Amino acid sequence: HGRGHAHNHAAGDTDRPVGFGRLQRKEDPRFVRGQGNYTDDVVLPGMLHGAILRSPVAHARIVSIDVSEALARPGVRAVLTGKDLEPLKLAWIPTLSYDVQAVLATDKVRFQGQEVAFVIADDRYAARDALESIDVEYDILPPLVDARHALDADAPLIRDDLEGRTDNHIQDWECGDKAATDAVFAKAEVVVTQEVVYPRVHPAPMETCGAVADFNPVSGDLTLYETSQAPHAHRTVIAMVSGIPEHKIHLISPDIGGGFGNKVGIYPGYVLAIVGSIVTGHPVKWMEDRSENLMSTSFARDYIMQGEIAATRDGKLLGLRADVLADHGAFNGVAQPTKFPAGFFNLFPGSYTWEAVHGKVTSVYTNKAPGGVAYACSFRVTEAVYFVERMIDRLAIELDMDPAELRLKNFIPASAFPYDNKAGFEYDSGEYEKTMRHAMKLIGYDELRREQQEKRTRGELMGIGISFFTEGVGAGPRKHMDILGLGMADGAELRIHPTGKAVVRISVQTQGQAHETTFAQIVAEEIGIPPEDIEVVHGDTDRTPFGLGTYGSRSTPVSGAAVALVTRKVRDKARLIAAAMLETRPEDLEWEKGRWFVKGDPSAGKTIQEIALAAHGTMQLPDGVDGNLDAEVTYDPPNLTYPYGAYFCVTDIDKDTGKVTVRRFLAVDDCGTRINPMVIEGQVHGGLTDGIGMALMEIIEFDSDGNNLGGSFMDYLIPTAMEVPDWETGFTVTPSPHHPIGAKGIGESATVGSPAAIVNSVIDALRPLGVTAMDMPCTPARVWDAMQGHAKAP
Ligand code: PCD
């Protein structure tokens with residue numbers, strides 16, 4: 001696939017590596033045979049099924065709920081309302097942003113699709129059918145749909161449940177230096193202003209969210225199967241909220257059919273399954289359907305960004321301002337580290353040097369589903385990257401300068417790392433110019449510009465779009481970061497069995513990205529045991545160490561580091577045992593992958609398998625060495641890792657229909673040391689497909705009554721093989737200086753980096769028609785409007 005794999009045969013890029021390389025995914029045999037084990041595959045004896053009644057309206061007072069008819073239906077075991085949850089103190093639960101969210105509405109409904117009642121029945125159908133027999137009387141209130149009017153004096157008050165609240169304002173947040181930025185703008189030769197909207201979208205993973213709860217009233221144990229990207233964090237939060245002691249909760253995340261941030265939060269359905277099991281004395285399963293997933297579980301983005309950029313006439317960047325209005329929906333359930341209410345929007349200065357920058361974000365409530373989840377995004381870095389990359393192109397138009405040249409002129413130079421980005425983050429490493437020039441060569445940039453010139457003389461619409469992004473992934477150092485008071489570290493445990501086979505237990509949760517393969521490769525690289533002899537255990541709180549889970553591309557930066565370090569700890573212990581076996585001193589031994597040997601005498605050595613057997617054997621072990629080859633660590637990262645990339649997109653636009661075709665897309669990524677190039681390419685291909693979706697098709701919109709217009713895949717369009725080109729990929733390698741193996745994350749890079757390249761390409765194609773800006777998604781209708789001079793964007 002793809003035309004640009006010029007580097008597939010680079011060093012270490014072999015098919016059967018003992019360590020890093022293109023190892024086939026261990027998990028694929030069960031996935032491609034349909035033998036995965038997902039939450040909905042879990043069937044327990046006596047299991048009942050739950051279904052949620054949801055609000056048909058966006059804003060209304062609940063006058064009454066009558067469940068009597070539903071309760072009388074055959075097969076129905078119980079019907080829960082908010083009133084039933086109040087005495088259990090479970091009608092409301094805390095959100096990840098220190099707000100509260102209704103599990104079942106008691107006073108009002110605040111968005112269309114909000115949870116109102118929960119039916120538990122013998123089977124799925126009986127539960128669903130009974131929803132229609134519940135009689136709810138709503139007293140309709142005016143909805144607040146447009147975030148731009150959330151702070152108007154006459155805006156309806158959404159959160160009257162919060163004491164003392166008189167408006168819809170959530171929070172103001174700032175970064176950078178306002179005074180210095182004002183000064184830079186005052187003296188600038190060129191100032192360009194542009195509104196950039198990142199619309200509401202949804203992660204829409206293949207598997208929707210769900211849970212099976214099994215509470216044992218005799219032992220007091222709760223076993224919970226859940227679609228969770230963070231099993232340990234979920235268990236801790238569930239213990240805090242439910243009052244069930246943490247050691248009595250066993251949380252299992254079986255196979256996950258895609259997460260993309262959608263499975264980070266704790267949804268009312270999970271809580272309802274637990275309460276349902278306690279109330280009925282049976283296991284209870286709750287699985288949402290596609291529309292419920294799109295309408296009520298966490299949305300992403302919804303940032304309205306006012307940008308201003310200051311520069312010299314010859315294209316030296318001086319200052320950047322971002323003033324953002326963030327729509328958080330009805331409950332502030334945004335998922336991010338506590339001290340970062342605008343996530344990692346601090347990355348909005350991008351990959352460039354500025355004299356000064358200033359960013360400001362104001363968040364508000366609206367009558368929409370809560371969330372603000374980091375969909376393939378390290379906490380708002382996606383919005384930040386899209387913003388700065390659109391602004392740079394807008395300036396290039398103003399200066400009539402080539403956008404590649406403008407970027408090259410202003411990159412942070414390789415010599416400047418570690419680099420303080422003036423908005424609070426320190427980038428660890430980068431060689432931006434090298435990566436950019438490599439990409440320009442791979443795509444044939446000059447040739448493309450010539451082709452475009454020629455096409456323009458014939459009136460054809462061809463665009464070339466660029467995005468050069470820097471992410472910050474691997475949250476995060478506990479001195480800066482926590483979620484609900486939990487530091488963002490991850491544990492790892494490694495056990496080498498007497499026969500030399502290994503088990504590594506990790507706290508992060510694969511959702512399809514191949515941890516069972518790549519984490520075995522990290523152990524293999526460090527200790528020389530073949531990856532097929534290493535079992536990766538995850539997704540089960542009883543069998544793994546504590547840690548904060550998988551999102552924000554943090555698994556490799558944090559848990560991957562833990563796995564490398566725990567393996568080195570075992571290797572160090574093996575050295576002591578090998579020295580005793582060889583009757584020499586540990587200092588006299590040297591390591592080569594898989595064995596310790598005597599310096600200067602390579603034939604005198606012991607393999608790691610021999611050492612493992614000896615560790616468990618009858619040999620007298622050195623003082624202080626206990627009889628196993630096991631270790632554990634908890635890793636607290638000193639900094640984030642900062643992957644980056646240069647993306648190029650070539651589009652053709654049909655003049656008669658406004659339809660955009662992505663003809664070519666090149667992604668050159670730098671994620672530091674590469675563990676499995678094949679997995680990385682898969683991650684990039686997936687992320688680029690996400691990017692096409694958001695740039696060209698996907699949006700969750702609402703009508704003026706607050707009806708969700710994207711509640712099914714008929715309306716919320718996601719890309720298929722038909723809309724994507726043959727992806728072209730390339731890479732450079734700039735290791736992270738602080739990560740034990742030099743790796744940075746890659747999982748979200750392409751989703752973060754690609755939308756700006758695509759939209760910049762569309763705008764570039766429409767330049768001859770005078771278009772300078774356009775908002776996503778660039779649907780045929782919007783492109784057509786822009787061609788007629790009616791682009792929605794100002
Ligand atoms: N790697 C390698 N090398 C390097 C890096 C990395 O090899 N240097 C690889 C690893 O190992 C893994 C992957 O790759 O396997 C990825 O990684 P990362 O970057 O670390 O990441 P993680 O953490 O693991 O993951 C996460 C991500 C995210 S975040 C998202 S969205 C998405 C991605 O991941 N999701 C998903 N991808 C994916 N894939 C799939 N298949 N599925 C899914 O679901 Mo968020 O925040 O949640 O929103």
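Q: In which loop is Pro777 found, and what is the omega of the peptide bond from Met776 to Pro777?
A: In this predicted model, Pro777 is found in the loop between helix 17 and helix 18 (780-787). The peptide bond that leads from Met776 into Pro777 is cis. Its omega is near -10 degrees.

Q: Which residue does a cis peptide bond join to Phe417, and where does Pro418 lie?
A: The bond joins Phe417 to Pro418 and is cis, with omega about -5 degrees. Pro418 lies in a loop that runs between helix 10 (403-410) and strand 18 (419-420). The partner of Phe417 in the cis bond is Pro418.

Q: Are helix 16 and helix 17 parallel or oblique to each other?
A: Two packed helices are described by the angle between their axes and the distance between the axes. For helix 16 (residues 677-697) and helix 17 (residues 749-766), the axes come within 7 Å and cross at roughly 45 degrees. Angles under 35 degrees count as roughly parallel, and 65 to 115 as roughly perpendicular. Helix 16 is therefore placed relative to helix 17 as oblique.

Q: What is the handedness of the crossing of helix 16 and helix 17, and how many residues of their contact are nonpolar?
A: Helix 16 passes helix 17 in a crossing that is right-handed. The helix 16 side of the contact includes Val684, Leu688, Ile692 and Met694, and among the residues they and their neighbours meet in helix 17 are Ala750, Pro755, Ile758 and Val762. By class, the contact residues comprise one charged, four polar and, as the number asked for, eleven nonpolar.

Q: Which strands are the edge strands of the five-stranded open sheet?
A: The sheet has mixed pairing and the strand order 9-17-16-15-10. An edge strand here pairs on one side only. The twist averages 10 degrees from one strand to the next. The edge strands are strand 9 (169-176) and strand 10 (190-201).

Q: How many bridges join strand 16 to strand 17, and which residue is the bridge partner of Leu320?
A: Strands of a sheet pair through backbone hydrogen bonds, either parallel or antiparallel. Strand 16 (residues 317-327) and strand 17 (residues 356-364) run parallel and are joined by nine bridges. Within this pairing, Leu320 has its bridge partner in strand 17, namely Val357.

Q: Is Asp400 buried or exposed?
A: Asp400 is found in the loop between helix 9 and helix 10. Its phi is near 55 degrees, a positive value in a residue other than glycine. The relative accessible area of Asp400 is 72%, so it counts as exposed.

Q: What is the relative accessible area of Phe260?
A: Phe260 lies in the loop between strand 13 (249-252) and helix 7 (268-280). Phi of Phe260 is positive, near 55 degrees, although the residue is not glycine. Phe260 is partly exposed, and its relative accessible area is 37%.

Terms used
Residues numbered from 1 in each chain as written. Predicted model: local features only at pLDDT ≥ 70, side-chain atom pairs only at ≥ 80, totals over all residues. Heavy atoms only, no water. Axes fitted to C-alpha atoms, helices over the stretch in contact; angles between N-to-C directions. Helix = DSSP H or I, 4+ residues; strand = E, 2+ residues; numbered from the N terminus. Parallel < 35°, antiparallel > 145°, perpendicular 65-115°, else oblique. Left-handed = near helix turned anticlockwise from the far one by under 90°. Contact = heavy atoms within 4.5 Å. Nonpolar A, V, L, I, M, F, W, Y, C, P; charged D, E, K, R; others polar. Pairing = 2+ DSSP bridges. Buried < 20%, exposed > 50% of the residue type's maximum accessible area, 1.4 Å probe, protein only.
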